[in-house]
Amino acid sequence: MNFPRLVLAGLSGGTGKTIVTLGLCRAFKNLGKNIKPFKKGPDYIDARWLGLASGNFATNLDPFLMSVDKLKALFLEKGDGFDISIVEGNRGLFDGKDVQGSCSTAELARLINAPVILAIDCTKMTRTVAAIVAGCKAFEEGFNLAGVILNRTAGDRHRNILQKSIETYTDVPVLGMLPKLSENPIPERHMGLVSNTEYGPQDESLDILGKMAQDFIDLDRVFEIATKSGVIPENKELLWSEINLVTDKHPVIGVVRDEALWFYYEENFEALAKAGAKIEEVSLVSTDKWPEIDGLYLGGGFPETLAVDLSSNVFIRDHVRALADLGLPIYAECGGFMYLGEDVEYEGKKFPMAGVLPISTCLCAKPQGLGYTSGKIIQENSFFPVGTEIVGHEFHYSLCISRTGGEPVYGLKLDRGKGMADGYDGMVKNNVYAGYNHIHALGAPCWAGNFVKAALKFKEENSQDI
């Protein structure tokens, strides 16, 4: 199968590749093209911005979270029918989880046979950039460095030297040279862009980036490179082959999707639906009464920034706690797990939360857990059989603190990652499973079916009157 595609990579985090990718997406959108954005790696915020820039949902691709065949099948399914697929890489081009560069952006580009365009921060560099480009092209076999976009250039003289140096010492084309911006159109936080939910002038900022791309990047040449990608190697596995229909009775799983919690992979919802669930969106911030639900999924986010609203919504806090006491199956990740605790401490103040779990969380100045995770399920729960190997990722600034009311029971023992406490994660209480770890349904195929089974059991055993 073949469709236009490219990977936009950087030399490290913070080089401006997200800004360049957003500019390309908005510029192509302005030219009337239908763009499918992808984000390499475990990332929710950049993916959301890519969706806003292109007008289409972004899909995450990660060779750590899913098998190679699943990854290729996902790319083929989600990219089919679009004019161009643009994949934003993460970290540096060759940076992976080990010395061999496993799960790197370069490896992803090889898996989907996509040309790579490298965005380079040229601050205080001239001829050295040519050495970097030559080194990147020669570093690994089997990937196609098709061009470079030079970012943060200082003026015409600087751009002239950069272009002549690269043309003299390499055969890699310069596709664009972007000027330094007096200020970032999209502010940064936590080593990345600020959440779009906390930033008002979204379209204005994206339009600025789109115009910059149209003015300073050869978009026709970029598109031509994308069209010459070649055939994607055939995958041996169907995308949803491990997600089976559990029931046609359609138990309702409520998904908290509001300003506080919105970190989700769309494929997780698809997996739940394919297993037989009906998805209903609910909010922890709004005071609107919830529909009857048979399960509850709380994703990640920044509950601390909405701590006042979450805490003051006593009606919903009490409702969630009552549902948990009834035995409702609840699955919570990171920010959702924080909400289920006794309270959240943020900027010197404590904000009461749902009180489902005997823990509290405290926001810290530095990350308390960051990167890929792996481990084994060690405790009976509604979502994963004991002994199941789990891969995922964590990124949290909060620290978990035990409270009175009994010792926490953890369901997941990590061999990679920090989790909630000394390598343990996934607190289990009744039908609740909550922790810092994020999973992708394609990398944990038992999760969706077991969630739906638990919701169906609750539906059949309980009539809700609260």
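1. Largest cavity. The largest cavity has a volume of about 50 Å³. A cavity here is a set of points, on a 1 Å grid over the protein atoms alone, where a 1.4 Å probe fits but cannot get out. Grid points are joined across faces, edges and corners, and a volume is the space filled by probe spheres set on the points. Tyr 331, Phe 384, Ile 390, Leu 412, Asp 425, Tyr 433, Gly 435, Asn 437 and Ile 439 form the lining of the largest cavity; lining residues have an atom within 4 Å of a point. By class, that lining holds 6 nonpolar, 2 polar and 1 charged residues. Ala, Val, Leu, Ile, Met, Phe, Trp, Tyr, Cys and Pro count as nonpolar, Asp, Glu, Lys and Arg as charged, and the others, Gly among them, as polar.

2. Basis of the model. This is a predicted model, in which local features need pLDDT of at least 70 and side-chain atom pairs count only at pLDDT 80 or more, while totals for chains, interfaces and linings use all residues. Residues are numbered from 1 along each chain as its sequence is written, and side-chain values use heavy atoms, with hydrogens and water left out.

3. Second largest cavity. How many cavities of 30 Å³ or more are there? The count is 2. The second largest cavity has a volume of about 40 Å³. Ala 324, Asp 325, Val 356, Lys 429, Asn 430 and Val 432 line the second largest cavity. Its lining residues divide into 3 nonpolar, 1 polar and 2 charged.

4. Second largest pocket. A pocket is an open set of points with protein on both sides within 12 Å along at least five of seven lines. The second largest pocket has a volume of about 220 Å³. Its lining has 17 residues; Arg 48, Phe 57, Ala 58, Tyr 264 and Glu 266 lie nearest the centre. By class, the lining of this pocket has 9 nonpolar, 3 polar and 5 charged residues.

5. At least two lining residues each come from α2 (45–54), β3 (59–61), β11 (261–263) and α9 (266–274). Which element gives the most? α2 does, with 4 residues. Helices (H or I, at least four residues) and strands (E, at least two) are DSSP runs, numbered from the N terminus.

6. Helix α2. α2 is largely enclosed by the rest of the structure, because 8 of its 10 residues are buried. Buried means under 20% relative accessible area, exposed over 50%, and partly exposed in between (1.4 Å probe, protein chains only). The buried residues of α2 are Ile 45, Asp 46, Ala 47, Trp 49, Leu 50, Gly 51, Ala 53 and Ser 54. Gly 55 follows α2 and has a positive phi, near 90°.

7. Phe 57. Phe 57 sits in the loop between α2 and β3. Is Phe 57 buried or exposed? Phe 57 is exposed, with a relative accessible area of 59%. Leaving out residues up to four places away in sequence, Phe 57 touches Lys 36, Pro 37 and Glu 266. A contact means heavy atoms within 4.5 Å. The C-alpha atoms of Phe 57 and Asp 43 are separated by 13 Å, with the two residues 14 apart along the chain.

8. Strand β4. Ser 85 belongs to strand β4 (residues 84–92). Ser 85 counts as buried, at 0% relative accessibility. Beyond residues up to four places away in sequence, Ser 85 touches Phe 3, Pro 4, Arg 5, Leu 6, Lys 36, Phe 38, Phe 75 and Gly 79. Arg 91 is also found in strand β4.

9. Most residues other than glycine have a negative phi. Arg 91 is not a glycine, yet its phi is positive, about 50°. Cys 103 is not a glycine either, and has a positive phi of about 70°. Cys 103 lies in the loop between β4 and α4 (105–111). Cys 103 is buried, with a relative accessible area of 5%.

10. Whole chain. The protein chain has 13 helices and 24 strands. Its radius of gyration is 23 Å, which agrees with the value near 23 Å for a compact globule of 466 residues. That radius is taken over C-alpha atoms, and the globule rule is 2.2 Å times the number of residues to the power 0.38. Along the principal axes, the C-alpha atoms fill a box of roughly 70 × 50 × 40 Å. Of the 466 residues, 58% count as buried. Among contacts with a separation of 6 or more, 75% join residues 24 or more positions apart.
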